[in-house]
Amino acid sequence: MPVVGTFDLALVGTGGIAAIHAEAVAGLGGRARVVAAVDVDWDRLLAFGQRFAVPRLYRDVDAMLASEEPDLVHLCTPPGLHAEQAITCLRRNVAVLCEKPPALSLAQLDEISAAAATTGSPFATVFQHRFGSGGLALRRLCAEGAFGRPLTAVCHTLWYRPDDYFAVPWRGRWDIEGGGPTMGHGIHQMDLLLAVLGPWREVVAVAARQARPTATEDLSCAIVTFDSGAVATVVNSLLSPRETSYLRFDFEEATVELTHLYGYGDRDWRVTGAPGREDLLAEVWAAQPSGQGSGHGAQLAHVLDALAAGAPPPVTPDEARPTMELVAAVYASAFTARPVRRGEIGPGSPFYDRMDGVGPPWAVAAVDAPGGGA
Ligand SMILES: NC(=O)c1ccc[n+]([C@@H]2O[C@H](COP(=O)([O-])OP(=O)(O)OC[C@H]3O[C@@H](n4cnc5c(N)ncnc54)[C@H](O)[C@@H]3O)[C@@H](O)[C@H]2O)c1
């Protein structure tokens, strides 16, 4: 693993998000290079290879690993492939940076975790919103108690996806995407919420399929209580024409808000001090490091730093698990109409093996069923 040299990276899956990864690599100024790419779609792979000047192209992960020795493999494939491809790489002693969600279920995530522990090769999940300057500052200040106790929070992922977004064969299906906006979209905001507020304790949730041609939900609403006593309301929607990603933290002495859509910069944060504390808290916020947005490049820099230092790259399986467990608990609460506590969903629970557990309360039409072309 290069401490000062260039990292050799391989990208698996060359669709939409892989281009963001390749651009993030290019933005690192020679610290890393993409030496290989993999896709089952040859035309897409060729176009990607040309666009990003990738020297070697492969049709599957095994063929790539038989010929290459990358320092890190980026998994940019649909979620249903992540666990199998990650474990294949880990068993070849290759480090993995995997797109969210890291797996389809807690059971799969635990298998990945076990493979990483057994082989000693690290696995990290892309949760890029942890790594912008504002997110890092808020996590630090909250841990230090700079704003007092957290009391309540709002975590809204109000996005819009028209019906034709689900024409891609893997979208809207439990067996390939693992869930709707709770698992696939709001997971970013929920991950940052948890990174700031720490361990969650209990969730009460409702999920619905209001309008989209999916087997998964297109809306979920949850109330999450944290070990600290803070209570957050969480909404994940793909039905909201005026889109926004909105996080709000009300501490004893300040409100901290983040309003953006798919990525934030310094200007997307707003800190409002409690009466009499306005200037002081604005000064505390202004004194924090700034200038780094929340994109893939921000996280990749941290991942390479950790690999160079021989440390576990973020976000580790242990760090990602509370977020995945919260997603599972939102479904479990919504589909069984009862509160779910952290730690409750383990082996033996249907929600441990599949995010849809006992099945959603809405009818899944034949067209939406696995293989039905939803
Ligand atoms: N972090 C983020 O902000 C963010 C944003 C969008 C998507 N994502 C995640 O990235 C992943 C991919 O999403 P996308 O929008 O790029 O999907 P996509 O459909 O555009 O691309 C997926 C690619 O994987 C390829 N593929 C399929 N099976 C393969 C296999 N067995 N081996 C190699 N390649 C294979 C497909 O041909 C396709 O080119 C998903 O997990 C998604 O949730 C993350």
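Start by selecting Thr77: it is buried, at 13% relative accessible area (buried means under 20%, exposed over 50%, partly exposed in between, with a 1.4 Å probe and protein chains only as cover). This is a predicted model, so local features need pLDDT of at least 70 and side-chain atom pairs count only at pLDDT 80 or more, while totals for chains, interfaces and linings use all residues. Numbering runs from 1 along each chain as its sequence is written, and side-chain values use heavy atoms, with hydrogens and water left out.

Thr77 sits in the loop between β4 (72-75) and α4 (82-91); helices (H or I, at least four residues) and strands (E, at least two) are DSSP runs numbered from the N terminus. Now show what surrounds Thr77. Beyond its neighbours within four places in sequence, Thr77 touches Val12, Gly13, His82 and Gln85 (contact means heavy atoms within 4.5 Å). With Gln85 there is also a side-chain polar contact of 2.8 Å, that is, a pair of N or O atoms within 3.5 Å, where one must be able to donate a hydrogen and the other to accept it, and residues adjacent in sequence count only if both atoms are side-chain atoms.

Next, colour the aromatics. The whole structure holds 12 aromatic pairs: rings of Phe, Tyr and Trp (its six-membered ring) with centres within 6.5 Å, stacked if the planes are under 30 degrees apart, edge-to-face if over 60 and tilted otherwise. Zoom to Trp269 and Trp285, where the centres are 5.6 Å apart and the planes meet at 40 degrees, so this pair is tilted. Trp269 belongs to strand β13 (residues 269-273) and Trp285 to helix α9 (residues 278-286), so the pair ties together parts 16 residues apart in sequence. Both Trp269 and Trp285 are buried.

Move on to Tyr331 and Phe335, another tilted pair, 5.8 Å centre to centre with 40 degrees between the planes. Both lie in helix α11 (residues 317-336), 4 residues apart, or about one turn of the helix. Tyr331 is buried at 0% relative accessibility, and Phe335 is buried at 10%.

Last stop: two arginines. The charged end of Arg161 sits over the Tyr165 ring, 5.2 Å from its centre (CZ of Arg or NZ of Lys within 6 Å of the ring centre and within 35 degrees of the ring normal). Arg171 lies over the face of Trp170, 4.5 Å from the ring centre.
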